Amino acid sequence: MATRRFVMILAGAVLLSVILLIPNMDPHKPASSGGSSHDSNTGPVANELDDEPMESIVVTVSMSAEQFAYLEEANERFRFKYPNIQVELLNIESKEEAYATWKQDLLLGASSDIMLMDSGWVREFAVMGLLEPVDSVNTASTLSDQPAKLLAPLKWNSYLWGIPYDADPSILVWNKAMLTEQNMSDPPKDWTSFLQLADRLTASGSAPASLLYLPADFSGTAAWLDAWSSAEKRGAAALILNDESANRLSETASLTIPSIAVNKRLLGTEMDNQRLLVSVVSWSDYKALSQSEQDKLLIDKLKLRNLWLGSSSFVVSANTDRADAAFSWIKEMTSVTEQGRNYEHLGKLPAKNSIYEIGGYSGSTAQYPPTWWLPLLNEEPIGEPPDPNWHKEWSRWEASWQLYTSGATDIAAFIQSVTASSSNKQ
């Protein structure tokens, strides 16, 4: 009997020793999860992650529902990597509504921590003192991996105020078959050559009066006019419709019907069937075409000018008290991995030079953008950022353009409206 009591006491002592050696047996305290910043050989420090405070940030973007769905997927990946940072994602699909909301909220000091806005707006918000500079998170290596032309509109007063996310510039695509009929292997190099080609086609009766397709929004028309400008205009300078471009716009009006319907998914076939010589489309729309449709078209790489038009960048509110968490989130969203995923699914150009370099080795056109974009996105001269009142002017131009395309006014009235605003800025 005494022997049995001794064995039971000994077993109890051993069990107590084991319990004392096991950490975190408190049933009211959750077990730690995730990695440790310490060397794996030393083992994690007890309660290390439990002591990290939870942070919450709010991110507001303006994009399509499809784009937002992919951003939500990227945010889920961020959540697993940073379990102590909670992110609330909000989407305002209307760009104009987003612009008005952000300006009002920032002025009231009650905005989101992060906003993804049109790069052309960043300088305006920075001049008003509403944004946090991002220079501290952009190391030399990071800056060298960001296209110079996408950085240019984000600079003001020797500081950088945004981190580029993507770009979707408009491009000119020419009908290969119609060029071949005119014994041309390349697009016309200047405006005079284009008008001569248009005259030959219309005079021969081999083409209808409409030779050009422009999208309904003004950005395509701006890209068309910008394409024929001199190389000095290849920067982030605000687009100015001077007398020369006004004359070109007047001549363009006789060659296109703004309301013409084109199925952009079958763009090459449509251009053949409707005898369209040239079209202006976004890069993402071109990338979405099948290979057979792309084979009917010729991209005009010599006429790509202000590539920052239509690009977007992340900015951080000057009122945020969670800047570190905000920059951690932006860093993940603009990483090479996430940028590559976005390009493959959505087609907008990434804001990372290294992705274009990777594409040069892999040869996968679906996953990586063509390498010929790289020098265009980084070429000199860069020019000046858009004027702080860029959005105001651009909105007025778009409204005037919609009046013209709807038939409410003529091209002369549109030209007068736009050139008047441009001359006032000079």
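**Ser 284**

Ser 284 sits in helix H12, residues 283-287. Helices (H or I, at least four residues) and strands (E, at least two) are DSSP runs, numbered from the N terminus. Is Ser 284 buried or exposed? Ser 284 is buried, because its relative accessible area is 13%; buried means under 20%, exposed over 50%, and partly exposed in between (1.4 Å probe, protein chains only). Leaving aside neighbours within four places in sequence, I found Ser 284 in contact (heavy atoms within 4.5 Å) with Asp 168, Leu 346, Gly 347 and Lys 348.

**How the model is read**

I count residues from 1 along each chain as its sequence is written. The model is predicted, so to speak of local features I need pLDDT of at least 70, and side-chain atom pairs count only at pLDDT 80 or more, while totals for chains, interfaces and linings use all residues; side-chain values use heavy atoms, with hydrogens and water left out.

**Asn 342**

I then went to Asn 342, in helix H15 (residues 336-346). Asn 342 counts as buried because its relative accessibility is 14%. Which residues does Asn 342 touch, not counting those up to four places away in sequence? I listed Tyr 70, Tyr 165 and Gly 347. Tyr 70 is 272 residues from Asn 342 along the chain, yet their C-alpha atoms are separated by 7.4 Å.

**Six-strand sheet**

I traced an open sheet of six strands with mixed pairing, in the order S2-S1-S3-S11-S6-S12. Two strands pair if DSSP finds at least two bridges between them. Strand S2 (85-91) and strand S12 (349-350) are the edges, each pairing on one side only. Strands S1 (residues 55-61) and S3 (residues 114-118) run parallel and are joined by three bridges. Val 59 has Ile 114 as its bridge partner in S3. Helix H3 (residues 95-108) packs on this sheet, touching S1 and S3, and its direction makes about 135° with that of S3. For such angles, axes are lines fitted to C-alpha atoms, for helices over the stretch in contact, and angles run from 0 to 180 degrees between N-to-C directions.

**Nonpolar cores**

The largest nonpolar core has 42 residues, and I noted Leu 71, Phe 125 and Trp 329 as those with the most contacts inside it. Such a core is a set of buried Ala, Val, Leu, Ile, Met, Phe, Trp, Tyr and Cys residues joined through side-chain atoms within 4.5 Å. Helix H14 (residues 323-333) gives the most to this core, with six residues. Beyond four places in sequence, the contacts of Trp 329 include Leu 71, Ile 114 and Phe 314. Apart from this core I found another, of 36 residues, including Leu 179, Leu 197, Leu 277 and Val 280.

**Four-strand sheet**

I traced a second open sheet, of four strands in the order S8-S9-S7-S10, with mixed pairing. Strand S7 (residues 170-175) and strand S9 (residues 278-282) run antiparallel, joined by five bridges. Leu 172 stands opposite Val 280 in S9.
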